[in-house]
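Subject: Structure handover

Hello,

Here is the structure I said I would pass on. Please open it first; my notes on what was found follow below.

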Amino acid sequence: MAGGRFGATTVIDRPIEAVFAFLADGENDKKFSARVLEIAKTTDGPPGAGTVYASTVKDGGVKFQREFKLTEFEPPTRIRWAETSTGPVVTPEGGYDLAPAGEGTQLTFYNVLEPATFMGKLIVGFALRSARKGADDFAQSIKRVVENETAAAA
């Protein structure tokens, strides 16, 4: 099976600059994604195009090492990434799009999943169905964490 795309949209009750700053720091991913066990920035300097994050994730009960590179970084509206690691299923493209929504921020996220190995061809459909099923809950998790984490700055 070929891969596919999943994503969701939510409105976060925080200014766009605060939401962007929180999401731009990829080390925050473990705060809203239960599958991220560890994550660290492996390049110097502030986040931007070219920044690389290495993580340990748990998918389907199996731990994987992942590495993502920020490919586009346009404050405060757009972040794109691509997976540079290999595994059975990879994410060649993903991103956040942010737009003002009243006094808050509309966040849309997406990821593309593609099989990278024979095993990946066997499991990509399951991975994609699972990701699509959980996309709205994932968006709500981002919303809750961003609102809680940025409350002091609001």
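Seven strands make up an open sheet, with antiparallel pairing and the order 1-7-6-5-4-3-2. Strand 1 and strand 2 (36–41) are at the edges with a single partner strand each, so one side of each has no neighbour in the sheet. On average, and with direction ignored, neighbouring strands are turned by 20° against each other. Please keep in mind that this is a predicted model.

The partner of strand 1 is worth a look. Strand 1 and strand 7 run antiparallel and are joined by nine bridges. As background, strands of a sheet pair through backbone hydrogen bonds, and the pairing is either parallel or antiparallel.

**Helices across the sheet**

Helix 1 (residues 16–24) lies across strand 1, strand 3 (52–59), strand 4 (62–74), strand 5, strand 6 and strand 7. The angle between helix 1 and strand 6 is about 160°. Helix 3 (residues 118–149) lies across strand 1, strand 6 and strand 7, and runs at about 10° to strand 1.

**Aromatic rings**

There are six aromatic pairs in the structure. In one of them, the ring centres of phenylalanine 6 and phenylalanine 109 are 6.2 Å apart and the planes stand at 75°, so this pair is edge-to-face. Because phenylalanine 6 is in strand 1 (residues 4–12) and phenylalanine 109 in strand 7 (residues 104–115), the pair ties together parts that are 103 residues apart in sequence. Phenylalanine 6 and phenylalanine 109 are both buried.

Tryptophan 81 and tyrosine 96 form another pair: their ring centres are 4.8 Å apart and their planes at 70°, so this pair is edge-to-face. Tryptophan 81 belongs to strand 5 (residues 78–83) and tyrosine 96 to strand 6 (residues 89–101); the two residues are 15 apart, and the pair links distant parts of the chain. Both tryptophan 81 and tyrosine 96 are buried.

Ring pairs also join Phe6, Phe22, Phe32, Phe109 and Phe138 into a cluster.

**Charges over rings**

Two arginines are on my list. Arginine 5 lies over the face of tyrosine 110, 3.7 Å from the ring centre. Arginine 66 lies over the face of phenylalanine 64, at 5.2 Å from the ring centre.

Regards

Methods: Residues numbered from 1 in each chain as written. Predicted model: local features only at pLDDT ≥ 70, side-chain atom pairs only at ≥ 80, totals over all residues. Heavy atoms only, no water. Phe/Tyr/Trp six-rings, centres within 6.5 Å; stacked < 30°, edge-to-face > 60°. Helix = DSSP H or I, 4+ residues; strand = E, 2+ residues; numbered from the N terminus. Buried < 20%, exposed > 50% of the residue type's maximum accessible area, 1.4 Å probe, protein only. Lys NZ or Arg CZ within 6 Å of the ring centre and 35° of its normal. Pairing = 2+ DSSP bridges. Axes fitted to C-alpha atoms, helices over the stretch in contact; angles between N-to-C directions. Contact = heavy atoms within 4.5 Å.
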